[in-house]
Amino acid sequence: MVNTAATTADGLELFSRPAVRSLLEEVRESVRVSDAGAFELVSADALRADGIDRLAHDAALSDNEDRRDTARWLILQAGRAVGIAPASIHDLYMARGRGEITGFTVPAINVRAAAFDTGRSLFRAARELQVGALICEIARSEIGYTDQRPMEYVAVLMAAAIKEGWTGPLFVQGDHFQVNAKKYKADPDAELRAVKDIIREGLHAGFYNIDIDTSTLVDLDKGSLDEQQHLNYTLSAELTAYVRKYEPAGVTVSIGGEIGEVGTENSTPEELRAYMDGYVRALAEVSAKVGKPVAGQSKISVQSGTTHGGTVLPDGSIADVAIDFETLRTLSDISRREYGLAGAVQHGASTLPQSAFGNFPAVETAEIHLATNFQNILYDHLPAELRELMYEHCRQNFQDERKPSDTEEQFIYKARKKALGHFKRDLWHLPEEDRERIRAALYDQFVFLFRQLAVENTMDIAQKYVPLPDVPRATPADLRMKAAADDWDLSD
């Protein structure tokens, strides 16, 4: 049992350390902490004008652990004070499964790089268009190669929302918390433990939306669809129960499952039913073991013709994709009508033609995942000297990613995401005119996507179905947790 009194006392002692006292002095016009550890928002205006920039910087980049964790804690406390808190979209999705809300597709945005600036563009657009049905996410692989642990990710994005005056439930998602098939084959227990470790770390940070991906274990050589999906749905149920065991009181984490790896054959109604029927049975068995009902998934990811990052042509451009919107329509309908889910989820969508995005709400797709094109926009607007340094880093460190048939353009396009973490500090310290240019380009793209996906004016809907949860964090020490192992080679 944890000695809460001792933990709190130790945490309060942290506020007296020189590095923390220095930080508190720097932001005293925005926020304060009493001798008893009570947080006070002094001025929301001062916070947005200057204080939040200082806190976000230290939350991501401070080399002093005490100062870093205090910055993160202050951001979380300030967010709560202005009306922002990490939350689960589960209840909103269940309402969609019941047919109470309809007509929009929730964008799930992978923020890989320049997180504070990207977040500022994202939340500026969301505030102006009154978007509340919005998810920020990061994949298990991205956590490693972008050098963004879950607690940092939540704090920096909340800081961006505060800076731009956006308020509401902040949906942060662990994307592709995925089982590595090769590692699972070699040592199933160790690989499942690795996935459980990143789930625990994510939950502790405020990832109250988690996409469990055991679709890597689907075995198409098996005779029946049930046999093909058996390991997928069985482990999905086991990991669902694990999430439920550790989710905070008062929060039902939104959990997603997946029936087919992105980039493989399109999913079918029969596969969806085989997975979901098996999952329902497996979850019932888990519920019987723990002696109480275990809440299930809220959505299901399917394959309808896309690949992560798109298909790169020899000149570095992206091939056109023939996405099967009727597959999305059919599978979304089945998942709602037969299983009460919000609908189907589309991965790998950001590099689709601009004309494609309006089709997602038209066929009632519940959610789409968007990542690579925001990275492309960033690289396109970087100063040429920094961009070339990042490319040279790829040439020196990731040659094993180059296929014999790859052109230089194909190699760089595929490998450059892995330079983002190494250059995180450089991106943060770009001159303001460069950062503003990047923010402006990203803002335009977010506005376009929000309108195409019909999520304008969903802020009231989000707040109606999702009240802000209260997950106490008495001191910065409460934020600390051992980091899970990285795996850069999974889906993102």
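The structure holds 0 disulfides, a disulfide being a pair of cysteine sulfur atoms within 2.5 Å. In general, a disulfide is a covalent bond between the sulfur atoms of two cysteines. Cys 136 is buried, with a relative accessible area of 1%, and Cys 394 is buried at 0% relative accessibility. Buried here means under 20% relative accessible area, exposed means over 50%, and partly exposed lies in between (1.4 Å probe, protein chains only). The model is predicted, and local features need pLDDT of at least 70, side-chain atom pairs count only at pLDDT 80 or more, and totals for chains, interfaces and linings use all residues. Residues are numbered from 1 along each chain as its sequence is written, and side-chain values use heavy atoms, with hydrogens and water left out.

Cys 136 belongs to strand S5, where its side chain and that of Ile 138 point one way, while Ile 135, Glu 137 and Ala 139 point the other way. Strands (E, at least two residues) and helices (H or I, at least four) are DSSP runs, numbered from the N terminus. In a regular strand the side chains alternate between the two faces of the sheet. In S5 (residues 135–139), 5 of the 5 residues are buried, so the strand is largely enclosed by the rest of the structure.

Strand S5 pairs with two other strands. With strand S4 (residues 106–110), the pairing is parallel over 3 bridges, and Asn 110 stands opposite Glu 137 of S5. With strand S6 (residues 168–178), the pairing is parallel over 5 bridges, and Ile 138 stands opposite Gly 174 of S6. Two strands count as paired if DSSP finds at least two bridges between them. S4, helix H6 (residues 115–129) and S5 make a right-handed β-α-β unit. A crossover is right-handed if, with the strands pointing away from the viewer, the path from the first strand over the helix to the second runs clockwise.

Backbone angles were also examined. Most residues other than glycine have a negative phi, and most peptide bonds are trans. Ala 114 is not a glycine, yet its phi is positive, about 45°. Ala 114 lies in the loop between S4 and H6 and is buried, with a relative accessible area of 15%. His 176 also has a positive phi of about 45° without being a glycine. His 176 is placed in strand S6 and counts as buried at 1% relative accessibility.

Helix H10 (residues 188–205) has 18 residues and reaches 26 Å from its first C-alpha to its last, close to the 26 Å expected at 1.5 Å a residue. The expected span is 1.5 Å times one less than the number of residues. H10 is followed by Gly 206, whose phi is positive, near 115°.

Neighbours within four places in sequence are left aside in each case. Arg 96 is found in helix H5 (residues 90–97) and is buried, with a relative accessible area of 1%. The contacts of Arg 96 include Ile 101, Phe 104, Arg 336 and Glu 364.

Arg 435 is located in helix H19 (residues 432–452) and is buried at a relative accessible area of 13%. Arg 435 is in contact with Phe 116, Asp 117, Trp 428 and Leu 430. The side chain of Arg 435 also reaches the backbone oxygen of Trp 428 at 3.3 Å. This is a polar contact, defined as a pair of N or O atoms within 3.5 Å; within protein, one must be able to donate a hydrogen and the other to accept it, and residues adjacent in sequence count only if both atoms are side-chain atoms. Between Arg 435 and Leu 378 the C-alpha to C-alpha distance is 9.7 Å, although they are 57 residues apart in sequence.

Ser 62 sits in the loop between helix H3 (44–61) and helix H4 (65–82). Ser 62 is buried, with a relative accessible area of 18%, and is in contact with His 57, Arg 67 and Arg 68. The side chain of Ser 62 reaches the backbone nitrogen of Asn 64 at 3.2 Å.

Terms used. Contact means heavy atoms within 4.5 Å.
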